[in-house]
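Please bring up the structure, with the sequence beside it. I will go through it in a few steps.

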Amino acid sequence: MKTSNPEGAENKLAVCTVCGKINKIINLPADKNLKCARCSNKIFFRKKESITKTLAFLAAALIFYIPANIQPIMFTNNFGDQSSQTIITGVISLLNADLWLLAAIVFTASVAVPLAKILVLIILLVSVHFKWDYFYVQRTKMFLIVDIIGKWSMLDVFLISLMTGAVKLGTIAEVTPGPALRSFTAVVILTMAAAATFDTRLIWDNKNDT
Amino acid sequence: MIPEAKIKRTKFSVIWLIPLIALITGLWMMYDNYSEKGTEITLEFKNGEGITENKTVIKYAGIKIGTVEDVKLSSNFDSVIVKAVIEKEYSHFAKEDSLFWLVKPRLEVGGISGIETIFSGQYIAVRPGEGQKKFRFKALENPPPSSQTAPGLHLVLEADDLGNLVPGSPVLYKKISVGKIESHSLSDNGEKVLVNILINPKYTHLVNKETRFWNVSGISVKGDLSGIKIDTGTLSSVIDGGVAFDTPQNEKKPEPADNNDKYKLYNNKEKAMEQGFLIKVEFDTGEGLVPGSTPVKYKGINIGKVIDVRADKTCKTITADILLKEKAKNAATENSKFWMVKPRLDLTGISGLRTIISGQYIEVQPGSGKPKTEFKALSAPPFSAPDAPGLHIILKADSADSLSEGSPVFTRGLEAGRVEGFEITDKGVNISVHIFAKYAKKVGTDSRFWNNSGFSVSGDLSGINLDAGNLQSIVSGAISFDTDSKIDKKADSGSVFRLYPDKEKAFATEKKIKVSFDNASGLKKGITPLKYKGIEVGKITEIRYNKNNDNFIAEINIYHSAPDLAKDGSVFFAVRPEINLSGVKGLETIIGGSYINVYKGNGKRKSSFKAKDSPPPVHPDLTGKKINLIADTVNSPNKGSFIFYKGFEAGIIQDAKIKKDQTIIKALIYDNFSAFLYTDTKFFKSGGIDFSADLSGVSIKTENLESIIKGGISFDEPEKSSKKAIENKTDFTLYKNREKAMEDGFLINLKLKSGYGIKENSTSIIYKGIKIGEIRDIKIDEDNYSVVAKTFIKNPAKSLLNENTSFILRGPEFGLDGIKRPETAITGKYIELIFSEGINFKDTFTLDTGKPSQNGLDITLEADALGSLSKGKPIYYRQVKVGEINGHELNNTLDKVLIYGTIYSKYSKIISKDAKFWYTGGISAKISLTGISVESNTLESILKGGIEFAVPKDKTDETVEKNHVFNLYKEPEKKWLEWIYDE
């Protein structure tokens with residue numbers, strides 16, 4: 001995919017993504033890695049093949065998202081009463097137990113957020129690919145939100161791990177993690193990777209402003 | 001020329017591997033999930049209770065093989081459709097023949113099953129079956145019975161009837177449930193019931209081809225004299241019935257059982273475990289024969305049982321089929337004898353008592369010979385066979401005399417044999433006797449046999465002897481035997497012995513003697529014994545009146561075991577009870593009958609004697625030391641009385657003579673006691689009953705019984721005896737009693753004013769409460785008409801007697817301050833010895849009746865008036881009487897009264913010149929503003945009045961002169977009271 005014209009490319013200026021220093025890039029070869037004059041970190045106009053990578057990660061995340069929700073994420077054994085829960089059923093049972101807040105939290109962290117991340121990234125990719133000329137600010141904000149909240153989707157994994165470790169009361173109560181946990185973790189990591197490889201500056205590349 | 005950049009072909013980015021991997025993973029997971037899914041089956045239950053979606057599991061052998069996913073009512077609402085998924089690896093469970101049921105707590109025959117489900121939750125159990133795949137099943141209401149394919153050993157038992165066996169009833173081995181009854185059916189011909197049992201795989205090795213099974217349902221009770229046995233299987237078998245098994249001991253190792261082997265089911269353990277062989281025994285009567293019950297015993301041990309009883313064709317005899325145990329094979333031989341043991345009660349004895357309760361039984365006497373299986377029973381127990389071990393001898397007797405067949409033969413009280421039979425001959429009776437092998441060696445050629453029936457009584461003062469064999473011998477007669485000396489030669493079978501009518505005769509020897517008596521009273525033929533030193537050594541066999549000499553000739557048989565008494569010098573005399581003035585003799589004969597006593601002589605053998613009328617004075621054969629006892633009283637023990645030393649018979653009185661005012665007794669102290677005669681040995685009369693009583697108690701002293709009646713003399717040495725042997729001394733004083741004999745003291749003279757209240761040999765001399773002597777003899781001194789008492793003082797008190805010692809007669813004293821010595825009113829007055837230091841020994845004293853000598857300090861008091869003072873009134877110091885007033889008189893100038901008093905010597909040290917005296921006593925009342933105070937001293941002084949004094953603390957050392965005059969004040973000054981009360 002061709003990257004759109006980076007803005008600074010005309011003026012031969014690039015911003016270091018690490019320390020923020022503006023570097024001049026005039027007569028340097030384009031295929032070699034360049035480093036920042038101040039902090040010596042890699043410096044580039046735009047992330048290499050950002051869209052491709054992001055798309056790939058997203059696709060993988062999507063694939064894993066299915067089993068993460070279908071498979072049980074947790075087995076409980078309560079006095080011999082064995083039951084398995086998927087994420088959704090877990091939320092539902094929390095709702096049934098009148099634990100609204102908890103249900104809301106789990107829902108948000110385990111269902112809404114990963115989904116939102118994927119969706120947002122897809123939209124962004126589409127927007128960049130089709131060179132949308134609108135919603136620049138909104139799109140940027142959207143990405144920001146995704147990025148920040150992204151970490152929090154590991155919450156569910158923590159929850160399960162903690163419960164597994166804490167609730168080991170033999171026959172009385174026992175919690176065992178289910179297969180969905182693997183898938184879910186994969187989803188989280190992949191969406192984080194996707195967000196990381198997406199260069200937000202691409203959103204603005206299309207904008208014509210002086 | 002600048003080259004043109006080429007267009008870079010977009011490579012396929014590596015990044016796309018990630019989604020690719022993800023895709024593959026996802027697909028694989030899906031596939032896996034799908035393939036793991038397992039088989040879905042549908043179960044139809046009547047009742048869905050206990051079945052929960054996603055929870056209830058399907059288990060086989062405790063392992064979860066599936067889960068219930070859905071529970072719904074059927075469309076017509078009459079059953080519950082349960083959808084369950086069986087895990088993939090167990091999908092073969094879903095076959096046509098598979099059975100499913102819900103496991104919940106159930107009460108069934110073998111107990112409560114399914115209890116574990118209370119905790120773990122109910123589950124669906126499955127029994128896999130064969131057949132094609134099937135996915136829809138109808139669940140069973142109850143767990144299915146074990147089928148043929150259940151693991152374990154399946155066996156078939158054949159029984160006459162089912163009894164109370166139920167499917168589920170346990171199969172027990174040593175009371176452990178090792179299997180259960182599965183089902184039952186009738187055999188093809190309908191005659192037997194076939195019971196299918198299953199032995200758990202764990203226990204199948206317990207069953208082999210020789211195993212016997214029996215029905216243990218219910219409770220079996222068996223009782224006999226040895227006890228009652230209640231036998232049950234386990235509790236569940238009591239209720240439900242059950243089957244037990246065991247393998248009888250076998251020499252060879254039996255083969256293990258196979259599936260579907262058939263066994264007979266016996267009714268009880270005994271029948272099952274029986275092994276043995278059959279014999280037939282013919283009886284005259286069927287009485288006592290109970291099929292299945294009557295045992296066959298040998299020496300008390302069960303060796304078989306009567307199985308069946310039949311009358312034979314002619315109905316004359318009864319045949320019993322008997323099953324004998326394997327080990328009793330030897331009992332069934334040619335010469336074995338069988339007979340019925342019934343309780344027997346007759347004079348020959350009581351036997352077979354057990355059978356009254358336990359029922360009759362058959363006894364067998366095994367014999368030798370070839371094995372035999374058909375026998376004819378005897379009607380009565382047999383005699384010991386001639387070849388029975390032991391001794392077979394013949395006894396010749398005049399008559400059978402209460403003996404009978406079976407009468408026992410004893411030796412020293414042990415049953416050693418038995419009378420077998422009798423044969424009457426011209427001369428008498430021949431008795432055949434069998435001596436048991438154990439005792440055969442006790443029979444020697446010298447042994448004597450006698451008829452020991454009944455019992456014999458003998459008695460004398462030492463006791464009554466009842467001699468009897470055991471009860472049987474009393475009732476049925478018995479024979480005893482014994483051998484006198486060591487057995488030289490053992491007797492053989494066939495030996496002939498004589499049966500004597502009694503023991504004595506049996507051991508009688510040719511020792512027959514003749515003794516002639518003038519007086520035959522008390523002598524009885526066959527009864528009166530001859531005694532030597534108290535032991536019976538012979539008996540009078542015959543008494544005849546001798547016309548010639550007008551006396552009686554007694555023929556006496558001296559026992560074999562007696563010493564040789566028929567010697568010259570032996571003295572025979574009859575001992576009869578004798579009561580005369582000289583005493584009582586021969587008392588034992590009152591009870592035991594008269595007897596003849598003999599003293600052995602040492603001369604030649606003699607066989608004819610003349611009895612003496614009365615016992616010789618002393619055993620001529622006794623040796624010892626001859627002594628003389630001098631007594632001065634009239635009552636002396638008489639001839640023949642014994643002399644005792646510490647309770648043992650140590651000598652005998654041989655003679656007594658009166659000489660002047662003494663009696664001289666000649667006595668003989670036996671040799672073995674003469675060593676105890678010391679120089680200070682004292683002889684005293686003992687015997688009779690010594691009775692002394694005083695307020696301290698009553699004591700009765702006696703010697704032994706004989707001496708009470710016969711009287712006797714004892715001797716003993718004083719405690720601190722020198723134990724010097726007497727050399728030639730032969731004369732001893734005979735004291736009246738032990739006390740007098742052992743007295744250790746001397747005599748003093750005590751002059752009395754009068755003899756009142758003083759008793760000879762009674763009034764005691766007391767010093768500090770201990771009796772130290774006694775008034776012995778009171779005489780009037782002719783010279784000066786005074787009464788002198790010879791007083792005995794014990795030696796230890798010797799040192800008390802000096803010139804200052806005084807004796808005071810003490811009796812009860814009545815005074816205001818109490819009664820002194822009230823006991824003396826009853827016991828009599830006593831004389832008190834008051835001791836004072838002195839130098840010279842004195843042995844003559846005068847008895848003082850008054851108060852102790854008024855040694856003390858004389859003081860004179862001056863008062864205005866006498867007041868209530870009088871002679872005898874007390875003088876107090878600190879309210880203790882320390883002196884008294886002796887008298888009073890007016891002084892020379894007649895203006896004062898002089899009061900004379902004495903302070904007892906003991907207290908005279910208290911007085912000093914500055915002592916102050918005042919009246920006390922009476923009641924002094926002071927009335928003052930502070931109130932009325934009443935003061936008094938002791939009661940005595942209240943009534944008697946008295947004088948009190950006080951002495952200042954720092955009194956002067958000046959001694960008080962004899963005639964020092966003190967002032968007698970009316971009342972004490974405070975200061976003086978302070979001397980007393982303020983210290």
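Before the first residue, one term: two residues are in contact when they have heavy atoms within 4.5 Å. Also keep in mind that this is a predicted model.

Start with S480(B), which sits in strand 35 of chain B. Leave aside the neighbours within four places in sequence, and S480(B) is in contact with F410(B), R448(B), F449(B), W450(B) and N452(B). Is S480(B) buried or exposed? S480(B) counts as buried, because its relative accessibility is 6% and the cut-off for buried is under 20%.

Stay on strand 35 of chain B, which covers residues 479-482 and also holds D482(B). The side chain of D482(B) meets that of R412(B) in a salt bridge, with 3.0 Å from N to O. R412(B) is in the loop between strand 29 (408-411) and strand 30 (414-424) of chain B, so this pair ties together parts that are 70 residues apart in sequence. R412(B) is exposed, at a relative accessible area of 65%, whereas D482(B) is buried, at 15%.

A second salt bridge in chain B joins the side chains of E832(B) and R810(B), at 2.7 Å from N to O. E832(B) belongs to strand 62 (residues 830-834) of chain B and R810(B) to strand 59 (residues 806-810) of chain B, so here the parts tied together are 22 residues apart in sequence. R810(B) is buried, with a relative accessible area of 12%. Salt bridges can also share partners: K646(B), D716(B) and E717(B) are joined that way into one network.

Chain A has salt bridges too. One of them is between R201(A) and D199(A), with the closest N and O atoms 3.0 Å apart. D199(A) is buried, its relative accessible area being 3%. Over all chains, the whole structure has 17 salt bridges.

One more residue in chain B: I947(B), found in strand 71 (residues 946-950). With 0% relative accessibility, I947(B) counts as buried. What does I947(B) touch, not counting residues up to four places away in sequence? The list is L861(B), L869(B), P874(B), I875(B), Y876(B), I885(B), F917(B), W918(B), T920(B) and L968(B).

Now the chains as wholes. Chain B contains 15 helices and 72 strands. Of its 983 residues, 38% are buried. Among contacts in chain B with a separation of 6 or more, 67% are between residues 24 or more positions apart.

Chain A has eight helices and seven strands. Its residues number 210, and 39% of them count as buried. For chain A, residues 24 or more positions apart make up 66% of the contacts with a separation of 6 or more.

Inside chain A, look at one pair of helices. Helix 4 (residues 100-129) and helix 6 (residues 155-166) of chain A pack at an angle of about 120 degrees, and their axes are 8 Å apart. From helix 4 of chain A, the contact uses I105(A), V106(A), A109(A) and S110(A); from helix 6 of chain A, it uses L155(A), D156(A) and L159(A). By type, the residues of this contact are five nonpolar, one polar and one charged.

Last, the place where the two chains meet. The size of an interface is often given as the accessible area lost when the parts come together. How much do chain A and chain B bury between them? The value is about 1,400 Å², with 73% of it on carbon and sulfur atoms. Which elements of chain A give two or more residues to the side that touches chain B? They are helix 2 (50-70), strand 6 (81-85) and helix 7 (180-197) of chain A. Helix 2 of chain A gives the most, with ten residues. That side of chain A divides into eleven nonpolar, four polar and three charged residues.

In total, 18 residues from chain A and 15 residues from chain B take part in the contact. Across this interface of chain A and chain B there are zero salt bridges.

Key:
Residues are numbered from 1 along each chain as its sequence is written. Chains are lettered from A and ligands numbered from 1 in the order in which they are written. This is a predicted model: local features need pLDDT of at least 70, side-chain atom pairs count only at pLDDT 80 or more; totals for chains, interfaces and linings use all residues. Side-chain values use heavy atoms; hydrogens and water are left out. Buried area is the accessible area (1.4 Å probe) that two parts lose on being put together, summed over both. A salt bridge is a side-chain nitrogen of Lys or Arg within 4 Å of a carboxyl oxygen of Asp or Glu. Helices (H or I, at least four residues) and strands (E, at least two) are DSSP runs, numbered from the N terminus. Ala, Val, Leu, Ile, Met, Phe, Trp, Tyr, Cys and Pro count as nonpolar, Asp, Glu, Lys and Arg as charged, and the others, Gly among them, as polar. Axes are lines fitted to C-alpha atoms, for helices over the stretch in contact, and angles run from 0 to 180 degrees between N-to-C directions. Buried means under 20% relative accessible area, exposed over 50%, partly exposed in between (1.4 Å probe, protein chains only).
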